[in-house]
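Biologist: I'm new to reading structures. Could you take me through one, feature by feature?

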Amino acid sequence: MSKLYVVGTPIGNLEDFSPRAVRILSECDFIAAEDTRVTLKLLNHFGIKKPMVSYFEHNIRESGEKVIAEILSGKSCALVTDAGMPAISDPGEDLVRQCHEKGIAVESVPGPCAFATALALSGIPSGRFTFEGFLSVNKPGRAQHLDSLRNEARTMIFYEAPHKLAATLKDMNKVFGNREIAIVRELTKIHEQVIKTTLDEAVRLYGDGGLKGEMVLILKGKEESLAEEELTLEDAIELAKKSIESGMSTSEAAKNAAKLTGFKKGDIYKSLL
Ligand code: SAM
């Protein structure tokens, strides 16, 4: 039936490919693959023979149009990438959006996804998190990205390439200071490893490179600020009084306490007088 299947593929261990994924790849009319050579290995392993078209970052428009035309002519297509879920730091988002716009059915065939697996293994709070994908290679873009996360309280998840890890850890250390981080490597492979450490220690250990393999970085969010705790105006005044005792002017102390607690500077100042 005319449809797009979004199929997750293993991120290292071929045993993670589900029986349903094998069936869908065997039954669909054709496969749109990020790299047809990589997908051919997967197909050979599971004894699947299927026509493939390449659908990757640099031919998204032309190839996407052809894939859509084929589906509209009545064919079913399975979209795969080299590893993991399509559309997650991988091609797919555009094709899925176009299918929705054209009324083409899109069906999920979920498989492994590196960021969700790494988060689950990290032991870092997973209740609320933000997925940041890859940092830009361009220095200003990268600095801006990290800076925008300076006050992020949720756990942050980054994809990273091994040759850029050292620079990334140093940049993160500058922006976030010393925080808990998990470097989750080689998921589902022989050398799978969760390195639980801090940014200071990570820079000391890996700031000159040396760590290899595929990896996900799970960075703990900023500790709750004073402003986010249940504070009263009296707490704010107490805070300001302590600052005055340590030499701050009344006005400065009120301003500082206001910044930290969220109460109005004027209210704190009046109470101090
Ligand atoms: N679409 C994929 C997914 O669902 O996770 C992600 C593709 S992205 C181009 C590749 C990045 O995912 C790698 O640079 C690495 O950060 C992460 N990754 C993929 N496989 C991994 C593995 N086995 N262990 C750790 N990280 C992995």
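This is a predicted model: local features need pLDDT of at least 70, side-chain atom pairs count only at pLDDT 80 or more; totals for chains, interfaces and linings use all residues.

Biologist: What distance would count as a disulfide?

Modeller: The two cysteine sulfur atoms have to be within 2.5 Å. By that rule, the count here is zero disulfides. Cysteine 28 is in no disulfide, and its nearest cysteine sulfur is the one in cysteine 77, 6.8 Å away.

Biologist: Is cysteine 28 buried or exposed? And what about cysteine 77?

Modeller: The general idea is a cut-off: under 20% relative accessible area is buried, over 50% is exposed, and partly exposed is in between. Cysteine 28 has 2% relative accessibility, so it counts as buried. Cysteine 77 has a relative accessible area of 0%, so it is buried too.

Biologist: Okay, on to helices. Which residues of helix 2 are buried?

Modeller: Look along residues 36-45, which make up helix 2: Thr39, Leu42 and Leu43 are buried there. They sit on the same side of helix 2, because they cover an arc of only 100 degrees around its axis.

Biologist: And which residues are exposed on the other side of helix 2?

Modeller: Over there you'll find Arg37, Lys41, Asn44 and His45, which are exposed.

Biologist: What do the buried residues of helix 2 pack against?

Modeller: Quite a list! Their partners are helix 1 (19-27), strand 2 (30-33), strand 3 (52-54) and strand 4 (76-80).

Biologist: What should I look for at the two ends of helix 2?

Modeller: At the start, check the side chain of aspartate 35: one of its oxygens comes to within 2.9 Å of the backbone nitrogen of arginine 37. After helix 2 comes glycine 47, which has a positive phi, near 65 degrees.

Biologist: Which residues other than glycine have a positive phi?

Modeller: Among them is alanine 87, where phi is near 75 degrees. Alanine 87 is in the loop between strand 4 and helix 4 (93-101), and at 29% relative accessibility it counts as partly exposed. Another one is threonine 188, with a positive phi of about 65 degrees. Threonine 188 is in the loop between strand 8 (180-185) and strand 9 (193-198), and its relative accessible area of 21% makes it partly exposed.

Biologist: Now the ligand. How many residues surround it, and which are closest?

Modeller: It has 19 residues around it, and the closest are Met85, Ile88, Ala114, Tyr159 and Met215. A polar side-chain atom of tyrosine 159 is 2.6 Å from an oxygen atom of the ligand.

Biologist: How much of the ligand's accessible area does the protein cover?

Modeller: On its own the ligand has 580 Å² of accessible area, and the protein covers 91% of that.

Conventions: Residues are numbered from 1 along each chain as its sequence is written. Side-chain values use heavy atoms; hydrogens and water are left out. Buried means under 20% relative accessible area, exposed over 50%, partly exposed in between (1.4 Å probe, protein chains only). Helices (H or I, at least four residues) and strands (E, at least two) are DSSP runs, numbered from the N terminus. The arc is that of the directions from the helix axis to the C-beta atoms. Contact means heavy atoms within 4.5 Å. A polar contact is a pair of N or O atoms within 3.5 Å; within protein, one must be able to donate a hydrogen and the other to accept it, and residues adjacent in sequence count only if both atoms are side-chain atoms. A residue is near a molecule or strand if one of its heavy atoms lies within 4 Å of it. Accessible areas come from the Shrake-Rupley method with a 1.4 Å probe; for residues, only the protein chains shown count as cover.
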